[in-house]
Amino acid sequence: MSPLLEVTDLMVSYGGLNAVDLVSFSVEEAGIVGLIGPNGAGKTTCIDALSGFIPHATGRVRFAGENIEGWPAHRRAEHGLVRTFQSVEMFDDLTVRENLIVAATTTRWWSVFIDACRPSYRVRNIDVEWALEATGLGGEGERYPTELGHGQRRLAGLARVLASRPRLVLLDEPAAGLDSAESVALASRLRSLPDLGIAVLLVDHDMGLVLDVCEQIHVLDLGRVIASGPPREVRTNPDVVEAYLGSEADE
Amino acid sequence: MVNFAHAALGMYVAFAYFELRQTGELVLPIIGLPDRVSIVDAPTIETALITCALLSAVLGLVIYFCVFKWLRTAPALARVVASLGLLLYFEAIVELRFTETSATQLSLGSILPEGSSEWFGVSVPNNRFMLAGLALLVALVLRAVFRHTRFGLATRAAAENEKGVLLLGHSPDRLAAINWMVASLLAGVSVILIASVTKQLDPLATSLLVVPALAAALFGGLRSFVVTALAGLGIGMAQSAILNFTTQTDWIPSWIPQGGFQQALPFLLIVIALTVRGETLPGRSTIPESRLPNSPHPRFVGMTTLILSGATLIGLLTLDSQWRLAIVVSMIAALIALSSVVLTGYVGQISLAQFAFAGVAGFATAKLAVDAGIPFPWAPIIAVAMTTGLGLLVGLPAVRVRGMTLAVATLGAAVAIEELLFKSSALGGLEGQRVPRPRLFGIDLGFSAIGSDNFRPAFGIFVLVVLVAVFLAVANLRRSPTGLRWLAVRANERAAAASGINVPATKLSAFAVSSMIAGIGGVLLGYQLEKLAPASFTVFAALALLALAYLGGIASTSGAVIAGILVSGGIVTQLSGGDIGGSPDRQFAISGLALIAMAILYPDGISGAARRALARRRRLRQLVSNNADADARAADRSPADS
């Protein structure tokens, strides 16, 4: 069986600089794959390109049996390839539950007319409630994102992508700014996603979380994959150690 | 910062210049200060020019420190509204403090030398070349200053990141103030020069010079002085060429008004500039606009509608004809304001073209009924459908831009529609187009009647029914997934796209709904006036209505109702007996100032401010009753203690 997501020679360049340089990897159905690397390695650019936010990205991207390169972001999301943002990016004017409803509903062009006559949220409400429960936000549905603490806000961002019942979530530094207890709780939630049939591509520069959660890890540095493999191999790979220590020594 | 009042400021200064030249008195633009101060008896060109240049610089400074300093981090909409307030203010002040400026007055000693030379067989006055040369020279000087001085660098940096500039030891306030002074000075002097060359100075037309000017600025990417100056010159030359061309050829259909193409050109150029430069989604590093007014979940919709419409119905049936007129005017204004609530309030797209859409529907209804003989319910339905299509068409390029730029583009569209369509001789030209009375199932729904029966309640009830239907539809949309998607796009386009929302399609749906509502309002306005003329749907009325909608509360349905009540000629005017704050011009001036104050103090508008005040009172009452309980308990306990 072919993998859920198959990326071949992904390339993003700005001016003369290759932010992502011929990156290839794949994510299996219900797999958890980590993408790590020091700051500026091209991790977020990778996610932007895969989720359709960089129209000029080149390379082949196959998702669930379809070639999705050139698809706009919303179409990829509708097909089950969703992402979170490093800075969460909730819809601050909507309650947490409404944020999730936005992600869980699909509309057609005639929806406007139906909605003008009937003010109900015709929603697969089960998905919204399920996503709230799965992230432990069951009691926070009526609150506004700005009223939540940082950790809960991050969870709300995760809940929003889960509410669309995705097949693959691209998580952009989900643990950034979390304290260690929150980070541990997040890790256990992430580990449970494959059991629900959701594959994960986890991007972080925090090795701890990624090594803990992922089955397969790719290490990026300056836009290139410098190492791939299961956590224990990557941990001891000399190139990885150098990329990390080198960059940290510079800081 | 895009200032829609920029040309209006220049217009005011030019008026002041010619007045100064003639009477030796400088007219001050601030209500409350003396109207005019005497400078010298017979000022020369130099004295007058320098005085007025100083006046414009000072005005720029005052405007910055009184208005825009407070709006530096405000949403684009608040800044647009403030500059609209300023525009209204300058218009009103000019009407208040200057008498009609005649052509003889304008020819008072020309500033640039007269004389002309022959170019390609066409005689061109020399001063045109001097003006063009001057514009280019100024652009080059500005370019040099902003490229090579610390001040220029710091200003450019401040436009990108104010905090960073502050950390580097520059005061963004001082930088902004200096730039405002320079910009205002240029606006003042250039309008003086233009007026002295063209021998024309019309308050409205001059203020609208801001449209081609902004078109040129957009071509320069709001960045390049030289490109902007060249684009400006290009637009001006193209406009003259078009005028020349259209007067000489005869294949252009005669119904297109003279000067229509000329005036529509800036819009076309804006569209091209934007389509080339725009992106359908903002990039990662785009600084998100700060938030628009909060859009509350509408509550008690059924009850509010019932009470309001009941009161309106009673008013229509019992009050006299002047009151009936005021109620109808308010209802129609509320309807058109609702279209802004959808597009601007819910989706965050600032459109200044809604009133023009209303006009298109109004004229189309009249045309369909009179020329094609289509009977009542069908003519307006077809007209509204056409308007919806037009809204989609205008929305198509607009989905690539956001914020201020969109406001400029839609203003361009409004001017183009007004000049090309409304002034067309096929639509009655200046005399106007008759609108036949609506009639349904044999019932006359027309507005006018003879004697005290005039302004018939039947029409009022018809308008009320339509308004309630549209009001409920908008409230329903706000509470539905469609409304949530609109608000999601407004809050964060990137996150919306990541949540599976097709952002351009969502914006287009709002453009369609909004122009449909505006169209319905335009049809009703046509039936109310019974005769439509270009003056029925001016760009200025459009600006005033958007400003009122903002004042009422742009992001809620109740805001539209408040806007309708406040509209000039509406219920508030009727309540005040029509003479609140003196002459109409004085009223305009004061409402312009009120608008600026509202934009600074209450970005949520009246309905938002009221809602917050209510919430605060509820909290306060809770606090008081809690304290009272505590006091009571303490009192209970105290006897036992003693």
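This is a predicted model: local features need pLDDT of at least 70, side-chain atom pairs count only at pLDDT 80 or more; totals for chains, interfaces and linings use all residues.
User: What are the residue ranges of α15 and α16 of chain B, and at what angle do their axes cross?

Analyst: Helix α15 of chain B spans residues 354-370 and helix α16 of chain B spans residues 378-398; their axes come within 8 Å and cross at roughly 145°.

User: Which residues make the contact between α15(B) and α16(B)?

Analyst: Contact requires heavy atoms within 4.5 Å. Among the residues that make the contact are Phe357(B), Val360(B) and Leu368(B) of α15(B), and Ile382(B), Met386(B) and Leu390(B) of α16(B). The residues of this contact divide into 13 nonpolar, three polar and no charged.

User: What lines the second largest pocket, and which helix gives the most?

Analyst: The second largest pocket holds about 1,100 Å³ of space and is lined by 34 residues, with Pro296(B), His297(B), Arg299(B), Ser607(B) and Arg611(B) nearest its centre. Helix α26(B) gives the most to the lining, with eight residues. The lining divides into 16 nonpolar, nine polar and nine charged residues.

User: How much area is buried between chain A and chain B?

Analyst: About 2,900 Å² is buried between the two chains, of which carbon and sulfur atoms give 59%. His74(A), Phe91(A) and Asp93(A) supply 22% of the area that chain A buries against chain B, more than any other three residues.

Definitions and conventions:
Residues are numbered from 1 along each chain as its sequence is written. Chains are lettered from A and ligands numbered from 1 in the order in which they are written. Side-chain values use heavy atoms; hydrogens and water are left out. Axes are lines fitted to C-alpha atoms, for helices over the stretch in contact, and angles run from 0 to 180 degrees between N-to-C directions. Helices (H or I, at least four residues) and strands (E, at least two) are DSSP runs, numbered from the N terminus. Ala, Val, Leu, Ile, Met, Phe, Trp, Tyr, Cys and Pro count as nonpolar, Asp, Glu, Lys and Arg as charged, and the others, Gly among them, as polar. On a 1 Å grid over the protein atoms alone, a cavity is a set of points where a 1.4 Å probe fits but cannot get out, and a pocket is an open set with protein on both sides within 12 Å along at least five of seven lines; lining residues have an atom within 4 Å of a point. Grid points are joined across faces, edges and corners, and a volume is the space filled by probe spheres set on the points. Buried area is the accessible area (1.4 Å probe) that two parts lose on being put together, summed over both.
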